[in-house]
Amino acid sequence: MEYSAMRRCVLLVSLAMLPLAIMAADSIGSYCAGNSYASSNKAVANINSVLSNLVATASTGGYATSTAGKGNNVIYGLAQCRGDVSTSDCAACLADAAKQLPTTCSYSSDARIWYDFCFMRYENANFIGQVDTDAGVILVNVQALDNGKAFEKAVGKVVRKATAQATAAGSAGLGRDKDQYTPFVAIYGLAQCTRDLAPLSCAQCLSTAVSRFGDYCRAQQGCQINYSSCRVRYEIYPFYFPLAGNVPGGRATTDMTKNTKIAVHP
């Protein structure tokens, strides 16, 4: 990775020693910034109200925005589930996100949390409808495939199709694709934008994410770039629903013991 390509402060954390049992309820990353509102009863009440509303609304519709407060004390929130997960998995993910977010970030004025199945954030500034690639979490599989150039080309083909689907009308910002790379290896790709983005903004976010593949993903067996407005991921095993039940190794959640996590900050 060229240093000149690093536009943001990146913290590299090795996760090889984490326990093997990673449950769907575990987050894959979080971001906390700004001042803590923990000592302000009014701000805490506004944050809790936003989180509660997000869970109640997004659990059935898969997406929601919410606000609470007045004047300079408004809190804005957004929650979204991955478009392929079930209503029950979505609701469970959102409930855990709303529980963990204020604890993880100590009621910071800007708090975000990513899961395999959902994403949730709140902030004291209105971010709705704006492309946000300043903060995120990147997961890179620790194992690489041979013949890297050919694999990268095949990944690019899958990702292009998934991102094209995600920006198409009526897609709700979700795209998926699969390609048989070799007789024994298939590539699965997924792209998604938050539903507050217009198609052009969605395309902009996904383009930024894909442009990072050369820096981080290269010929690794799997990679995912999760921003606050979009996410792009590929694996060589089924991970999106419906899972290919007859394919060995398919799993819906990320095995963090096989990935390196990179936290991206503004």
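**The largest cavity and its setting**

Guide: The protein chain has an accessible surface of about 12200 Å² (Shrake-Rupley method, 1.4 Å probe; for residues, only the protein chains shown count as cover), and carbon and sulfur atoms hold 53% of that surface. This is a predicted model, where local features need pLDDT of at least 70 and side-chain atom pairs count only at pLDDT 80 or more, while totals for chains, interfaces and linings use all residues. Residues are numbered from 1 along each chain as its sequence is written, and side-chain values use heavy atoms, with hydrogens and water left out.

Of the 266 residues in the protein chain, 52% are buried (under 20% relative accessible area; exposed is over 50%, partly exposed in between; 1.4 Å probe, protein chains only). The chain has five helices and twelve strands (DSSP runs numbered from the N terminus: H or I of at least four residues for helices, E of at least two for strands). Among contacts (heavy atoms within 4.5 Å) with a separation of 6 or more, 69% join residues 24 or more positions apart.

Now the cavity. The structure holds four cavities of 30 Å³ or more, a cavity being a set of points on a 1 Å grid over the protein atoms alone where a 1.4 Å probe fits but cannot get out. The largest has a volume of about 120 Å³, volume being the space filled by probe spheres set on the points, which are joined across faces, edges and corners.

Two or more lining residues come from each of β4 (75-81), β6 (118-123), β9 (186-193) and β11 (230-235). Domain 1 (29-123) and domain 2 (136-244 + 255-265) both contribute to the lining, so the largest cavity lies between them; these bounds come from an automatic or database domain assignment. The lining has seven nonpolar, five polar and two charged residues (nonpolar: Ala, Val, Leu, Ile, Met, Phe, Trp, Tyr, Cys, Pro; charged: Asp, Glu, Lys, Arg; polar: the others, Gly among them).

Pro-242 sits in the loop between β11 and β12 (259-265), and the peptide bond from Phe-241 to Pro-242 is cis, with omega near -5°.

Conventions
1 Å grid on protein atoms, 1.4 Å probe; cavity = no way out; pocket = protein on both sides within 12 Å on 5 of 7 lines; lining within 4 Å.
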